[in-house]
Every structure is written in C-alpha cells, then in structure tokens.
Amino acid sequence: MPRHVSLRGSGDEEQPSSHRSPGAPSPGRQSPAGQPAAPARPDRPVDLDAVWAFAAGCVTPAEKPAGGSGSVPARDVPRPGTSADSETSAGPRTSAGPEPSVGIGTSVGIETEWFVVDTRVVHQPVPPERTRRALDRIAGLITGAAGPVLPGGSRLTFEPGGQLELSGPPAGLAAAVQSTAADLHLVRAALAEDGLAIVGMGVDPLRAGVRQTTASRYAAMEEHFRTGGGTSGEVMMRSTASVQVNLDLGTTPAQAAERFRLAHAVGPVLTAMFAASPALAGRRTGWRSTRQAVWSGIDAGRTGSVLDLPAQPAAGGDAGPGAAAARSGDLADRWARYLLAAKLMMIGDPLGDVGPGEDRRFVAATGGHTFGDWVAGRGPVERAPTLDDLSYHATTLFPPVRPRGWWELRYLDAQPAEGWRVAVAVATALLDDPVAAAAAAQACAPVARRWPAAAMLGMADEPLRLAAVRCLELAAAALRRAGCADLADAVELFSERYPQRGRCPADELSERFILIGPAGLLREEAHLCVSVA
C-alpha cells in the first residue's frame, strides 16, 4: 500500500451519462408480483419490493418496441428525470448521422476527468471559478439548468477537488470519441488563453487536495468520510481522476448478465494496462495505480464488486430483500441486496435551505445506518425513505461496474494526453464485438481476480501482461471490422509502446517523476495537453 496513504475507510459525486434512468421500471416490465409495474412517484415511500423493482430496472434491458428488433438504443430513450439524475446527466444529444459501430445497436457514453493546472505556478490549486471563467469564452457554449454544455454535447462539471469533468452524450463509438475530442480541443484552447491546462493522470502527483466546491452534497460526503475513519475517501474526492466508459446493458437479460460478468473479468487487465497514477502529493507510492489503491481503502460495502455477493439471499428474510428478492433474477437480486446493505452516505433534507445552483440540501449520515435499516424503520431519521432517496443512495455507491440502466466501467485511471481514446475504444470493443468478447473472456479468465496485482504491478505482472497483449490484439481487430481504422491504429501503437514491453503509462510517468520531480511532471504534462489542442 502507499506508504503515505491510509487505505481504510471511502467515491466521487457521480456524474452519470445520459443513458436511460433506472429510477422506475421500464414500460411493460413486470413487478416482483408478476403484474405490470405502474410508474413510481419519486416521493412515495419504498419497501423491499420497491427496492427490488428499482434494482431490476437498473439491470434489465429495455424491451423491444412493437414490430422492431434489437434493443432500444440508449440515445433514443428520454433523459433521466429524477432529481438525482437531473443534476448529473449529460447535455443534449447530437445527431452524428449513420456510422459503423462495434457490435449491434450499441452506444457508449464517455466521461473524462482532468486536473486543472496553472502552467506558471503548477503547485497551486486552481479554483473552479477561475476555470469556469476561462471556459465561458468558448463559442457555442450553452448554459442551462443542468449546467454548461459544449458544442459537441459534453456537459461540464467539477469534482470536489476542482477536477474538470466532461460527460458526453451516448452515441456510437466513433461519433462519441469524435465529439469528446472536439470538445476537449475547445476546452484546452480556452484554458490556454488564461495560462491554464488540463492534465490526465489517475491522481494528482503534486498538490495536496482540498475541497474546492461548496455544494451541500460534497460537504456531506466529506463529513461522512471524515467521521468514518481513514483518509481514503477524502483523498478520492480531492485528488483522483478517471476515464469512465458507459455501455448499453445488452439486448436480453441473459446478454446483460454476460456483459456484466465480462466487464468484471477484463477489469484487472484494463486496470493494469491503463494504470497511470504512480505518485500522490509529491511522493511515489509504489503502486502503478495509486487511484485503485485509494479506492481499495474505502468501505467495501460501497466499493466492492456486486458479483462478490453470494448468489442467493441469506436465510432469515430480514438479512436480504426477502421473498421478493428470491423471485428475482440473479443480477437484480445481488444489486438489490447491495443497495440495502450499503451504509447511507447522506440524506436529502427537504426542509433545508439550498445554495445557488443546488436543487436540494444534504445532511451527512454518520451513524453507520444502512439503507436496509432505513427501509425497516431503523434509519437515522423518522421519515420513511422514498424512491428519490433510493435513487440518490445508488449514486453514492461505487462498485467497479455499476448498474444504472447501463453499465458503468469505473476502474480506469485518467490517461495522459490522448490516451483516453485508447482506453474507451478497447473497453468498448472487448464488450461489444461478439468475437472479441468471447476471446477476451477466455484470455482474462485466469487473471479475473488479480485486482491488487493490477494496481500494484501493472504490466510487470506477466499473466496480466499476456492477457493485455491478447486483448489489445482482439480490440484492434474488432475496431477494424467496425470501420474505426484510426482507433485501431491507436490501439496497436499503445500495445507496442506499453504492454508488449511490459510497461504501462505509470512506468513512463514514474521515470519522469524521478528525473524532474512532481512539479516538472505536472508542467510537462500541462504543456503536452496544450500542444494537442
């Protein structure tokens, strides 16, 4: 473990993509009792059956439209409408026209997080207000109730430590990458006019993170982590950054379950090959992915894998969602029990005053109550939990693959320069192309549980390296079949530069850290990001 990081304890305030909301069952979906489920009101109290129905909505593909074939593309589904989703959903969709895509009827949502750096004084944190003023110069920037949206559709938000996040709308792979790249070009150019730049790494290698935002939810999150022991949660909030890939569930429940398991099986391999965080707060940590080391110190009930839960509910009824869960599919069952067993992080205060730009006030939950306790009448407040409370509770849980009505792949470090394109392309190709998916499952099966080795050793772990080389071959071939030759070329160059040589981005960053120190590393990365604008 990193010598200077306490790894006991805590997630980021979630910024989901614009895939469909799981806040209520899809039209026509059956309730646990087998009857058509009526639309649920966000303010209605929830019981165990309602928790299961919510969980089922998160993992069950939308039904095929009458007379149609295949799944409903996520880009054609209405945007999330609950209060929890309205503050985090990405911007308006763009029409990119027909394009080749990996797999059948699939879409991808891309979320990239970046550290903002003043190129003249790299050791000083940059307040979000300064970043926002610089970005306001971008022509075509639309500012609405959900926040600023760039011309390519990416919504701009800030993480607690001032990290800048771009959350793109779902689209076919080529279009999603193209629109995100175009938006990043605008962001880099606008920031450069003010002497700022964005840097991609899994953790900030120099600056000790401080909370830069005053939003009620972040204050509550910080208090929850601070009172829970350890520093991992606060480090995660203030000093980490990621690339998140959001993918469709699949066309059938069976395919959804298969994709969910494959996303976990390839997780250690993708974590290792894209590890890019060898230093934190001015010191090398001994990990290739310090970000993953930090996450491993957060309460496992909040960050552990949903697949680590046993397949059947525990005996005794009250330990799980009871008979309703017993009637559910395996994934819905596991996610429902995960939701119920996880500790509450914060509770919406419907009577509290809110600040500018906020839609509600939150109070930290510090008593160790779970959502299941609250449903059973043993919660931290007298009122019963509502569907809105459940929906927001789900956004405070951070498993490596999170069900949200789509699959969120949450284990990738932010990447230097343009490396995010390769990370997104590889993850999408391996899950969406049937040939690549089958072969990747076989290649990754022997290393599917090597999460600690992936974070510590990266491509220095030989079994992980061999699986990585094979997965990159499969991804490049899948991308060429899909007509994405430029992305396939980028994947092959990445493979030659890193895994084929037993290296990952963290190894290069670590070597430069030794030569020029953390300030020099930030300064060089800032210059590289400006150069690609």
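Predicted model: local features only at pLDDT ≥ 70, side-chain atom pairs only at ≥ 80, totals over all residues.

Reply: Residues are numbered from 1 along each chain as its sequence is written, and side-chain values use heavy atoms, with hydrogens and water left out.

Me: How many residues of helix H14 are buried?

Reply: Helices are DSSP runs of H or I, at least four residues, numbered from the N terminus. Buried means under 20% relative accessible area (1.4 Å probe, protein chains only). Leu387, Tyr392 and Thr395 are among the buried residues of H14. Helix H14 (residues 387-395) is largely enclosed by the rest of the structure, because the buried residues number 9 of the 9.

Me: Is H4 roughly parallel or roughly antiparallel to H15?

Reply: The axes, lines fitted to C-alpha atoms over the stretch in contact, have angles from 0 to 180 degrees between N-to-C directions. Those of helix H4 (residues 173-192) and helix H15 (residues 419-432) come within 11 Å and cross at roughly 165 degrees. Angles over 145 degrees count as roughly antiparallel, and H4 and H15 are therefore roughly antiparallel.

Me: What kind of aromatic pair do Trp335 and Tyr338 form?

Reply: Rings of Phe, Tyr and Trp (its six-membered ring) pair if their centres lie within 6.5 Å; planes under 30 degrees apart count as stacked, over 60 as edge-to-face and the rest as tilted. The structure holds 8 aromatic pairs. For Trp335 and Tyr338, the centres are 5.4 Å apart and the planes 35 degrees apart, and the pair is tilted.

Key
Buried < 20%, exposed > 50% of the residue type's maximum accessible area, 1.4 Å probe, protein only. Helix = DSSP H or I, 4+ residues; strand = E, 2+ residues; numbered from the N terminus. Parallel < 35°, antiparallel > 145°, perpendicular 65-115°, else oblique.
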